[in-house]
Amino acid sequence: MLETSLPVQGGCFCGKVRYEISNTVRKVVNCHCTMCRRTSGAPFVSWLVVPKTGFRYTAAQPRHLKSSTEGDRYFCKDCGTPISCIVSDNKKYIDVTLGSLDKPEDFEPDSDFYEDSRLKWL
Ligand SMILES: [Zn+2]
Ligand SMILES: [Zn+2]
């Protein structure tokens, strides 16, 4: 999972939001929670958990959505790509969508969150 040399880059579908990860990726997880599912339109979302000190936006800033009392999500305001999420009890880290990386194949999830809401056919 962590062999990839940093920094790595990613961004949204339309290219306006771009980012760079320059610090250790702590872990890579699949989240099966209902909020990830609804905000992405996908069965689950894979996230890289990265120290905030190692993450920065390099082009336009994404739009903010307060998705719950514990969660802040960030999307491209033009194309809607989910980019990141900050969870209030883990404020030193930012979760970044694996699917928005330029090379998502370089990272492999190693755990699953909210398995109780995982879709049965997965
Ligand atoms: Zn975009
Ligand atoms: Zn989730």
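The radius of gyration, taken here over C-alpha atoms, is compared with a globule rule of 2.2 Å times the number of residues to the power 0.38. In this predicted model, the protein chain has a radius of gyration of 13 Å, which agrees with the value near 14 Å that a compact globule of 122 residues would have. Along the principal axes, the C-alpha trace of the protein chain spans about 35 × 35 × 25 Å. Of the 122 residues, 29% count as buried, and among contacts between residues at least 6 apart in sequence, 61% join residues at least 24 apart.

Seven strands form an open sheet with mixed pairing, in which the order is β6-β7-β8-β9-β4-β3-β10. From one strand to the next, the twist averages 30°.

Strands of a sheet pair through backbone hydrogen bonds, in either a parallel or an antiparallel manner. Within the sheet, strand β4 (residues 45-51) and strand β9 (residues 93-97) run antiparallel and are joined by five bridges. At one of the positions in this pairing, Pro 51 has Tyr 93, in β9, as its bridge partner.

Key: Residues numbered from 1 in each chain as written. Chains lettered and ligands numbered in written order. Predicted model: local features only at pLDDT ≥ 70, side-chain atom pairs only at ≥ 80, totals over all residues. Buried ≥ 20, exposed ≤ 12 C-beta atoms within 10 Å, placed from the backbone. Contact = placed C-beta atoms within 7 Å. Pairing = 2+ DSSP bridges. Helix = DSSP H or I, 4+ residues; strand = E, 2+ residues; numbered from the N terminus. Axes fitted to C-alpha atoms, helices over the stretch in contact; angles between N-to-C directions.
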